Amino acid sequence: AYDEKNADSSKEAHKLTVGSPASEKHSEASDYLKSIVYGGLDGIITTFAVVSGAAGGGFGIEVVLVLGFSNMFADALSMGMGDALSTKAQNAAIMKEREREAWEFESYPEGEIAEMVEVYTKKGMSEEDARDVVTKMSKYKDIFLDTMMVEELGMMVPGDDENPAFDGFVTFSSFVFFGLFPLLGYLFTIGSNLSETELFGISICMTGVMLFILGAIKSQFTTQSWWSSGFEILVFGGITASVSFLIGWLVESIISG
């Protein structure tokens, strides 16, 4: 209904789902959008940076493949573990802050209620309405605390189903999947008569296509159009890859004199 902006369909859908345990279905894939885009973009850029740097430096195909694959898997593992550990640390920090707010609520609920009333009045609510809403909400401690974490501190309390390790796995998998494409031109043409320049051209094309596809995938979970999102990622990745190639070429020129 939302995609078609059909209000009547939306009303019917809500009538059918009201009272069910999960009245509205949202894409679970969007929960991992950050890990998919973050891992995929870094995978393509990092691997192509190695390829373009090696090509700019005049290295052979074997060197490109060895450096590309070793760097890809090492970086993918590092990125995956980094994502998992950082998410775990962030969640722990949020829960620690929630414990502090819970203690303050138990010790002096009037003060916490007053803080929430102030938050809502600053957002445009009348003081009378804000006090009425917050006072009623304060009867339900968990709801009050979770709402306070968001409204006052800007922290979203992690759900029971959140899994930092799986987030890390998604980042790792996305990194490896998208990171493979800049190397495929070299991998599947071993023994061919293609020159290094032609192989590098194939790698550029495959990298560009996958950058655009990654952007198009991202657009499925945002309001941005698929072509705009794809072009955005393509431009960003192209600039980064160009810098890597120029650095490789420059270093090789300096060393060779």
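Reader: Quick one to start: what relative accessibility does arginine 100 have?
Author: Arginine 100 is at 36%, so it counts as partly exposed. The cut-offs are under 20% relative accessible area for buried and over 50% for exposed, with partly exposed in between (1.4 Å probe, protein chains only). One caveat on everything here: this is a predicted model, where local features need pLDDT of at least 70, side-chain atom pairs count only at pLDDT 80 or more, and totals for chains, interfaces and linings use all residues. Residues are numbered from 1 along each chain as its sequence is written, and side-chain values use heavy atoms, with hydrogens and water left out.

Reader: Ok. Which side chain does arginine 100 meet in a salt bridge at 2.6 Å?
Author: That partner is glutamate 104, with 2.6 Å from N to O. A salt bridge here is a side-chain nitrogen of Lys or Arg within 4 Å of a carboxyl oxygen of Asp or Glu. Because they sit four residues apart in helix α3, glutamate 104 and arginine 100 are separated by about one helical turn. Helices are DSSP runs (H or I, at least four residues) and strands are too (E, at least two), numbered from the N terminus.

Reader: And which residues are linked in a network of salt bridges?
Author: Glu97, Arg100, Glu101 and Glu104 are.

Reader: How many salt bridges does the count come to?
Author: Twelve, by that rule. One of them pairs aspartate 142 with arginine 98, where the closest N and O atoms are 3.3 Å apart. Aspartate 142 belongs to helix α6 and arginine 98 to helix α3, so this pair ties together parts 44 residues apart in sequence.

Reader: Arginine 98, buried or exposed?
Author: Buried, with a relative accessible area of 15%.

Reader: What about aspartate 132 and lysine 136, what do their side chains do?
Author: They meet in a salt bridge at 3.7 Å, N to O. In helix α5 the two are four residues apart, so about one helical turn separates them. Aspartate 132 counts as partly exposed at 39% relative accessibility, and lysine 136 is partly exposed with a relative accessible area of 49%.

Reader: Zooming out, how many helices and strands does the chain have?
Author: Nine helices and zero strands. Of its 257 residues, 34% count as buried. Among contacts (heavy atoms within 4.5 Å) with a separation of 6 or more, residues 24 or more positions apart account for 72%.

Reader: Back to α3 and α6. How do their axes cross?
Author: At roughly 120°, coming within 10 Å. Axes are lines fitted to C-alpha atoms, for helices over the stretch in contact, and angles run from 0 to 180 degrees between N-to-C directions. α3 and α6 are therefore oblique to each other. Angles under 35 degrees count as roughly parallel, over 145 as roughly antiparallel, 65 to 115 as roughly perpendicular, and the rest as oblique.

Reader: Methionine 148, then: buried or exposed?
Author: Methionine 148 is at 1% relative accessibility, so it counts as buried. Leaving aside neighbours within four places in sequence, it is in contact with Glu101, Glu112, Glu115, Met116 and Leu153.

Reader: What makes up the largest nonpolar core?
Author: Twelve residues, including Met148, Met116, Ala102, Phe105 and Leu145. Giving two or more residues each are α3 (61–107), α4 (109–122), α5 (127–137) and α6 (141–153). The largest share, four residues, comes from α4. A nonpolar core is a set of buried Ala, Val, Leu, Ile, Met, Phe, Trp, Tyr and Cys residues joined through side-chain atoms within 4.5 Å.

Reader: New topic: how do α2 and α9 pack?
Author: They pack at an angle of about 30°, with axes 7 Å apart, so α2 is roughly parallel to α9. α2 passes α9 in a right-handed crossing. Among the residues that meet are Leu41, Ile45 and Phe48 in α2, and Ile233, Phe236 and Trp249 in α9.

Reader: Last one: where does tyrosine 38 lie?
Author: In helix α2, residues 33–56. Tyrosine 38 is at 45% relative accessibility, so it counts as partly exposed. Tyrosine 38 and aspartate 83 are 9.6 Å apart in space, C-alpha to C-alpha, and 45 residues apart in sequence.

Key: A crossing is left-handed if the near helix is turned anticlockwise from the far one by less than a right angle, and right-handed if clockwise.
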